Amino acid sequence: MQRLQAFKYELRPDGQPERQMRRFAGSCCFVFNKALALQKERYARGEKKLGYAGLCKLLTEWRNGADTTWLSDAPVHPLQQTLKDLERAYQNFFAKRAAFPKFKKKGQRDSFRYPDAKQIKLDQASSRIFLPKLGWLRYRQSREVLGAVKNITVSQSCGKWFVSIQTEREVEQPIPQASTAIGIDVGVARFATFSDGSYLEPLASFKKHEARLRRYQRAMSRKTKFSSNWKKAKARVQRIHTRIGNARRDYLHKATTAISQNHAMVCIEDLQVRSMSKSAKGSAEQPGNNVRAKSGLNKSILDQGWYEFRRQLEYKLAWTGGMLIAVPPHNTSRTCPECGCVSADNRRAQAVFRCIECGCEGNADHIGAINILARGHRVAACGEDVSRARPARAKRAASVKQEPAEAIGSGDESVMGAVGIPRL
């Protein structure tokens, strides 16, 4: 199977290459904004939106124009890739996957991409890379680049420049080394609670730096905007945000790597993090309720990185031959795993679960993880819609679609047992 993987390194440019990279990133930003403004003007006049090919023709005119001749100093391929990004942004908007494209701001997420691998040279022995119109650049080689280079992305973050090398290589079809299945319930008090009773404490990277960040942001607000002191204060705030993000990513990578290597099947809740973390402020006509409490909850949810946790689990389990199953999250922590009773009274406290019918007690997050694993088993084994199904009872079991006994051979049973799926 083919594996696409990116390797990111910090660049060590001299003064001249760094100035060139800033100019190239600025040129890409200018082309993106100019093309977006043109599309808006055409829409206002009732004309059809230009496609990527039409924008590329205009890009040639802009590079040769009298007012924008400086665009010709930048390599043409990164400028064309910027137009591709705009076209993709429109497609995501029309497909209702994202909001309408916005104009880019100078100094925010500066980046440009080289799509042609033939123009790129990689010398790993000397820890350097050759890029068109930039020459040879040294980078901090923390690990070896594996596979054939497909494209290169140069980006800037907090005053530092990075290069991301995307590669493609053939690997053998992975076979999971582990043979267990586990359910995971993510939360705020506990970052992740597993169905076997163990759990991970939250890192709370933002919370640890919140007081210091608030102090620097207040100092920045007192400075004259765009002055030298304001820029210095802004750089301090950016460094704190970078430290928070790096700590969170490091924690998530270590956690997801351990989970994917130790389990063949992982079941999680299909949470809509964007909807869960929406502001409750409301409008002037219809103000929201408990806005302060909801704001604190949103901050805690986003500080945990639930979506990034799921994204990393998905591709890492695919690399190890495992399987990730996302189940509906309805009533996972209100359902008794022993008798199947579903009631809000089962969870009167945030962390305590006590069934009102059979008296089963336990940590609410642990109970939720057990129910998530049970739902994942039914989805994997029978393809069941578990949105309203209950866990199996002694007298009445949840509906399952069972295959005839003769249709399942001994080999199929061994495969099901290898990933922790019970035999029905």
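The tour starts with the whole chain and then moves through a helix, a sheet, the cores and a few loop residues.

**Whole chain.** This is a predicted model, so colour it by pLDDT, the predictor's confidence in each residue. The average pLDDT of the protein is 88, and 90% of the residues score at least 70. With everything shown, the C-alpha atoms fill a box of roughly 80 × 55 × 50 Å along the principal axes. The secondary structure comes to ten helices and 14 strands. Of the 424 residues, 37% count as buried. Among contacts between residues at least 6 apart in sequence, 64% join residues at least 24 apart.

**Residues 386-424.** Select this stretch next. Here pLDDT stays under 50, and the model has 62 contacts for these residues beyond four places in sequence. Where pLDDT is low, the predicted coordinates should not be read in detail.

**Helix H1.** Select residues 15-44, the 30 residues of H1.

**The four-stranded sheet.** Show strands S1, S7, S6 and S2, which form an open sheet in that order with antiparallel pairing. Which strands lie at the edges? They are S1 and S2, each of which pairs on one side only. Neighbouring strands of the sheet are turned by 15 degrees against each other on average, direction ignored.

Now cross the sheet strand by strand.

- S1 and S7 are joined by nine bridges in the antiparallel sense; Leu4 has Glu168 in S7 as its bridge partner.
- S7 (residues 160-170) and S6 also have nine bridges and run antiparallel; Ser155 is partnered with Phe162 in S7.
- S6 (residues 148-157) and S2 (residues 111-114) run antiparallel with four bridges; Phe112 is partnered with Val154 in S6.

**The nonpolar cores.** Show side chains for Leu11, Phe112, Tyr114, Ile129, Leu131, Ile152 and Val154. These have the most contacts inside the largest nonpolar core, which has 38 residues. Elements that each supply at least two residues of this core include S1, H1, S2, S6 and S7. H1 gives the most, with nine residues. Next, centre on Leu131: not counting residues up to four places away in sequence, Leu131 touches Tyr114, Ile120, Leu137, Ile152 and Val154. A second, separate core has 17 residues, among them Phe191, Phe194, Ile268 and Ile301. In soluble globular proteins, nonpolar side chains tend to be buried together.

**Two loop residues.** Select Arg109, in the loop between H3 and S2. Its phi is near 55 degrees, a positive value in a residue other than glycine. Is Arg109 buried or exposed? Arg109 counts as exposed because its relative accessibility is 81%, and the cut-off for exposed is over 50%. Finally, move to Ser127, in the loop between strand S3 (121-123) and S4. Ser127 is not a glycine either, yet has a positive phi of about 55 degrees.

Terms used
Residues numbered from 1 in each chain as written. Heavy atoms only, no water. pLDDT = per-residue confidence, 0-100. Contact = heavy atoms within 4.5 Å. Expected span 1.5 Å × (residues − 1). Pairing = 2+ DSSP bridges. Core = buried A, V, L, I, M, F, W, Y, C linked by side-chain atoms within 4.5 Å. Buried < 20%, exposed > 50% of the residue type's maximum accessible area, 1.4 Å probe, protein only. Axes fitted to C-alpha atoms, helices over the stretch in contact; angles between N-to-C directions.
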